[in-house]
Structure formats: structure tokens, C-alpha cells
Amino acid sequence: MAEYKVKVTTGTMKHSGTIDHIYVILIGTEGQSERTELNSLGMDFITGKASFKTSSSLGKLLLVKVEKDPFLIFPEDEWFCCKVEVKTPEDEEILFPCYRWLSRGEFVELRAGKGLSFKIWKIINDGLPHITHFKDVFELFAEVRFPLSKTEELETLELAMKGLVEPGKKWKRIEHMKNVFQFKKTTMSGEYVLEHWKEDDFFGSQFLNGTNPNVIKRCSKLPPNFPVTDEMVKPFLETGTTLEKEMEEGNIFLCDQKIMDGIPTRQKDGNPLYVAAGLCLFYKNPEGKLLPIAIQLYQQPSEQNPIFLPSDLETDWLLAKLFFKSSDLIQHQTLYHLLHTHYLAEVFTIATFRCLPTIHPLYKLLIPHFRYTLHINILVRKLLLSPGGALSEGLMELMRRDLSQMTYSSLCLPENINERGLESIPNFYYRDDALKLWNYLNGFVTAMVEYYYSSECDVIKDIELQEWVNEIFTHGFLENKHSGIPSCFNTIEEVAKFITMVIFRVSVQHAAVNNGQYDYNSWVPNGSLLLCKPPPATKGESSMQTVLETLPDVEDSVKIMSAARILSEKYTDVVLLGEFPEQYFDETIPKEIIEVLQADLSYMKEEIAARNSQLEIPYTYLNPDVVENSVTI
């Protein structure tokens with residue numbers, strides 16, 4: 001008789017044990033064992049053991065099948081399986097990593113082969129990244145689903161927000177909008193933004209440290225369709241200088257919304273909504289403040305498309321900033337938030353499940369960063385793509401345009417900052433914090449990759465790794481060779497850079513575009529996703545009543561505030577960057593590499609706290625204390 005000794009380890013997290021029945025089956029090249037129950041059960045289930053005796057050896061072990069069946073009539077009791085260890089009759093010890101949740105009636109096959117959980121990709125819309133074939137969160141396996149606690153928190157928030165809605169009611173005064181903060185107010189949302197939203201330096205600062213620090217760039221030459229003259233802006237520049245001189249010295253910056261040009265808008269209650277496709281010129285003054293000095297709301301200049309200036313009628317200038325900020329928010333939510341983080345994260349997740357086996361070191365490196373991503377994306381699509389949802393054909397077209405021109409360098413932060421000419425602009429705290437995190441992650445990833453790949457030959461011969469990056473290139477970037485996205489790897493350095501980009505995008509970059517939404521976007525006059533009046537075509541004819549009529553009504557204002565709160569809320573079930581509750585790595589050196597990353601992040605927390613204590617507007621969104629390991633909301 002041949003005897004196999006099996007040990008199964010349960011996770012140490014809260015509620016990871018189970019009272020259900022756990023069974024295992026060993027499958028080898030020459031047969032399989034009987035289905036055998038583990039003999040250690042209960043809520044304190046830490047390890048389970050089983051001994052298999054077969055008439056002959058099973059040959060080379062290919063996989064271990066783990067199954068979970070209910071115990072009597074008790075309710076669902078999910079179980080987190082860490083790993084299965086098998087000692088063969090030849091005294092060989094084989095490790096089968098698992099690190100996932102299992103529900104009743106569910107089984108997992110642990111093998112040194114490809115994952116089979118995602119058999120197909122689904123095309124949601126031509127020109128957009130492909131998505132999972134799962135239509136509902138209940139089809140997902142337990143490992144990637146929200147826990148009950150998070151689902152309950154989300155439902156509670158939604159109910160609270162619905163209580164504020166007053167259909168059809170219009171705002172009579174802008175001051176009345178403060179009522180939306182009766183359930184939640186932060187220092188930024190309920191105080192600072194309300195007091196400073198009209199100010200130019202606050203408007204400019206948001207393009208560096210607000211929710212969308214991705215669009216501004218240094219301007220050395222004006223676009224031909226933005227005919228700003230020196231005479232127009234001279235009053236807003238330092239005395240004795242000129243626009244040309246300031247451009248030469250690197251003090252002029254541009255934000256161009258040409259990607260919005262011609263995007264169709266949807267209607268509300270039979271009336272059209274309005275968006276701009278503008279250009280805004282900024283000036284970095286000697287005090288280091290970034291100030292808007294000229295705004296044109298459509299791409300082609302004309303008498304009906306004037307260039308607005310800070311010296312214009314106060315409400316004209318306010319409306320120009322409002323329309324420009326509205327289009328910026330649309331780009332932020334649709335492109336830099338949904339497409340650049342959520343949708344790309346889903347591509348990375350599916351490719352990892354499909355191509356990398358659970359024992360692959362890069363699977364273990366990546367999998368913590370895909371926690372709950374599929375669940376939240378399915379919920380997002382149900383909300384946005386349902387009848388009346390926000391993702392109109394116009395916004396789909398916006399994403400298609402953006403993906404078609406997306407580049408690898410734009411996704412890699414150091415190159416992105418350099419290409420935009422933002423290396424030295426002061427008070428750019430997003431850049432400062434994000435670059436530190438990029439460098440910490442790159443050091444962490446490089447050390448891990450170099451530990452597992454001793455030569456370039458190892459990289460080239462890793463078929464599973466090559467299939468992984470090719471699936472991302474094919475299904476995420478639609479085989480666009482002009483993007484610069486790699487479809488294969490030839491060097492260790494290429495692997496480390498790409499994995500750094502992946503982890504940065506789903507953790508750091510998502511935090512940057514997500515965490516500040518309630519602070520900046522809940523006060524609708526600071527910038528609204530919906531505008532109900534067309535942009536001003538002439539100067540000198542507006543008033544605060546015009547501004548009020550342009551803003552959304554009470555119901556839509558509350559919906560905008562509600563969405564910002566749900567997205568920015570701090571939930572209890574959070575795993576932060578650098579935290580690894582499931583210990584995927586058993587080797588000493590990878591554990592030491594993780595400790596180095598954790599030390600870097602701990603030191604960074606202290607640095608940020610010291611800096612923020614000196615700032616009027618602290619930048620907190622990339623403090624490692626609030627950066628989640630994955631896209632979970």
C-alpha cells in the first residue's frame with residue numbers, strides 16, 4: 001500500500017474557519033485517490049489532516065481537489081483555505097498554494113497549471129477593454145466577492161442618501177446647497193470648499209492635488225486654436241513680464257479638453273445637458289500659486305466662443321470655470337477613474353486568473369492587488385449601463401477615443417510626469433507622494449522578480465508569464481502596437497516595470513483619483529457632472545441666478561453628493577498597501593523584501609504627516625494609511 005499524508009491549512013483572518021465538511025482528492029498521472037474527509041473540523045479549524053492509502057502510487061501528483069459541503073442545515077459558512085501540503089510515499093513534500101475563500105458546493109483544483117475559473121473574455125463594447133463573462137456578483141466564487149459586512153455597509157449608505165432626495169425641487173439659493181452636508185461633513189467638503197470655491201488659486205490647485213491631477217501640462221507654445229494675446233493676460237502676470245517670456249521660463253501651463261470635442265450629451269426630462277470642450281491657460285506666479293488666466297469653452301474660437309478672463313464680470317468668469325471644471329470631472333470619472341483604474345484592473349485580474357497558476361510566484365505577488373475588483377466592477381456596470389444609467393453612448397465614445405490613444409508611458413508615472421513637463425512645478429503633492437510610492441513599489445517588485453528569475457533566459461522561457469502579458473495586450477489594449485504596451489517580455493527589467501505599473505495603477509493611482517471625491521466633488525458649485533444651461537456665448541449678461549439655473553436641481557445634486565460619499569467612504573474591511581493578511585510567500589528572502597516595503601511605507605506616513613501639518617490644504621489621499629491594496633470601491 002502507498003500512503004499519502006495531506007495537511008490543509010486555514011487562514012488566520014477573522015471568520016476564516018468553518019464547521020462545514022472539507023474533502024480532498026489527490027490526482028496523479030497514474031490515478032486518483034478516493035474522496036476523503038479531513039478529520040479536524042469546527043469553528044477553530046486551523047488545520048485539517050488526512051491519510052490516503054492506495055494500492056499503488058498515483059504517479060506524479062498533478063493536482064489536489066478540495067471540496068466543501070454543508071454541515072447539517074446550518075447557514076452558509078465560507079472558509080479560507082491557505083494551502084495544501086502533501087507528503088508522498090517517497091517522502092517528497094509538495095506544496096499546493098490556494099489562498100482563497102470557498103463557498104458551499106464549491107471546489108478548487110490546485111495545480112501547477114493554468115487557472116480555469118475564467119474560460120472566456122466578453123466584449124462589452126467595440127473599442128473598450130474586454131471584461132469578465134460573469135454577469136452577476138453571485139456567479140463569482142467566494143474569493144473575489146465582497147464579504148457580507150461590506151455589502152451591508154454599502155446598502156446602509158445608499159438608504160441614508162435616498163432620504164435626502166426631493167424630486168423636481170429647484171435650488172432657490174446656492175447657500176441652501178449646504179443642506180446636503182447634514183449627514184456627513186468633512187473639513188474640506190463642508191468648510192474649506194464652501195468658503196473658497198470661487199477663488200482662482202483654489203481652482204488652480206485642484207488640477208495638481210484634487211481628484212484629477214492627470215491632465216495639466218507645461219505649455220511652451222499656444223495651440224493655434226487658442227488665440228490668447230499678451231494684452232489679454234498681461235494684467236494677471238508679474239509686472240514687467242510677458243506671456244512669451246513666462247512660457248520660456250516654464251511658468252505657463254495648459255489643460256486642453258479636445259478629447260471632449262463633439263461628444264454627444266444625454267437629455268434629462270426632455271432637455272439637453274451641456275458639456276464644454278475647452279482650453280484653460282494657467283500661470284504659476286512668483287508665490288508658486290497656479291492661477292487660471294484664460295478659458296475658452298469650445299475648441300474653435302469665434303465671436304460666440306469668447307476667451308474668458310479673470311477681469312470679466314465675476315459671474316461670467318465663474319461660469320467659465322464651472323463649465324471647464326464640469327468637463328474635467330466627466331473626464332476624471334469616465335477616463336481616469338473608470339477606464340484607467342477599474343477597467344484596466346479587471347483586465348489584469350482576469351489575465352492573472354487565466355494564465356498564472358496559483359503556485360507561480362508572480363501569481364502570489366499579484367493576487368493581493370485584485371481583491372474584490374471583479375465584484376465592484378460588476379456592480380458599477382449594473383449601475384452605469386442600466387436603463388437611464390450614466391454611461392451614455394457619448395461617454396462610451398469618450399472611452400474609445402481615450403483607449404485608442406493611450407500609451408504605456410502615460411501609465412508609468414515617472415515618464416508621465418516628464419512628458420507633461422511637471423518635474424519642478426511647486427506644491428504638486430500628488431506628484432511627490434505618487435513618485436515615492438512608485439519607487440518603493442518598483443524596488444519591491446524588482447527584488448521579487450530578481451529572486452525568482454536569475455536570467456533573461458528564465459523570463460523568455462516562462463510560457464505562462466508570456467501568455468499573461470499577451471492577454472493583457474490583446475484584451476486590455478486591443479493589440480494596439482502604437483500604445484507601446486508590451487506583448488511579451490525579454491528582460492527581467494521589463495517584467496519588473498510592467499508589474500510595478502499594474503500594482504501602482506490598482507492601488508496608488510486608484511486612491512489618488514478616488515479618495516478625495518467627497519472632499520472636492522460633493523459641493524456641486526465647485527464642479528458638477530451635470531449642467532443644465534449652455535455655456536455663455538457673450539460676456540456681461542450673466543448673474544448669480546444664471547449660475548444657479550445652470551447647476552443641477554436638488555435631486556441630482558444629492559445623487560452627485562451621494563455617489564461621491566459612497567466612493568470616498570472608509571469601510572471596515574480594508575487591506576492597505578503593504579499589508580498581506582494571506583501569507584503567500586513561505587521563503588525567507590521574499591518575506592524580507594516585504595518587510596523592506598513595509599518599512600518604507602511606515603517612514604512615508606511620518607513624512608506626509610510632518611508635511612501636511614504645515615499646509616493650509618493637507619494632501620492626504622496617498623498616505624499609505626488610506627491607500628488600499630486593490631480596487632474595491
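**Entry 1: K169**

I started with K169, which is partly exposed at a relative accessible area of 41%. Here buried means under 20% relative accessible area, exposed means over 50%, and partly exposed lies in between, with a 1.4 Å probe and protein chains only. The model is predicted: local features need pLDDT of at least 70, side-chain atom pairs count only at pLDDT 80 or more, and totals for chains, interfaces and linings use all residues. Residues are numbered from 1 along each chain as its sequence is written, and side-chain values use heavy atoms, with hydrogens and water left out.

I placed K169 in the loop between α1 (148-162) and α2 (188-196). Helices (H or I, at least four residues) and strands (E, at least two) are DSSP runs, numbered from the N terminus. Leaving aside residues up to four places away in sequence, K169 touches D553 and V554. Contact means heavy atoms within 4.5 Å. K169 and D553 are 384 residues apart along the chain, and their C-alpha atoms are separated by 6.2 Å.

**Entry 2: the sheet**

Next I looked up an open sheet of 5 strands, with antiparallel pairing and the order β12-β13-β16-β17-β18. Which strands stand at the edges? They are β12 (217-218) and β18 (307-308); each has a single partner strand, so one side of each lacks a neighbour in the sheet. Two strands pair if DSSP finds at least two bridges between them.

I then followed one pair. β13 (residues 252-256) and β16 (residues 279-284) are antiparallel over 5 bridges. F253 stands opposite F282 in β16. Helix α6 (residues 314-355) packs on the sheet and touches β13, β16, β17 and β18. The direction of α6 makes about 90° with that of β17. Helix α3 (residues 200-209) lies across β13, β16 and β17 (290-296), at about 95° to β17. Axes are lines fitted to C-alpha atoms, for helices over the stretch in contact, and angles run from 0 to 180 degrees between N-to-C directions.

**Entry 3: H342 and its group**

I checked the UniProt record, an unreviewed entry, which places "binding site" at H337, H342, H510 and I633. They span 297 residues in sequence, yet no two of their C-alpha atoms are more than 10.9 Å apart, so they gather at one spot. UniProt positions are in the numbering used here, feature names are shortened, and annotations may be inferred rather than shown by experiment.

I found H342 in helix α6. Is H342 buried or exposed? H342 is buried, with a relative accessible area of 3%. Among the residues H342 touches are H337, H510 and I633. I633 sits in the segment after α19 (588-612), and I633 is buried at 6% relative accessibility.

G17 is in the loop between β1 (2-10) and β2 (21-28) and is buried at 8%. D77 is in the loop between β6 (61-69) and β7 (79-87) and is buried at 13%.

**Entry 4: two helices**

Last, I compared α12 (residues 429-452) with α19: their axes come within 9 Å and cross at roughly 170°.
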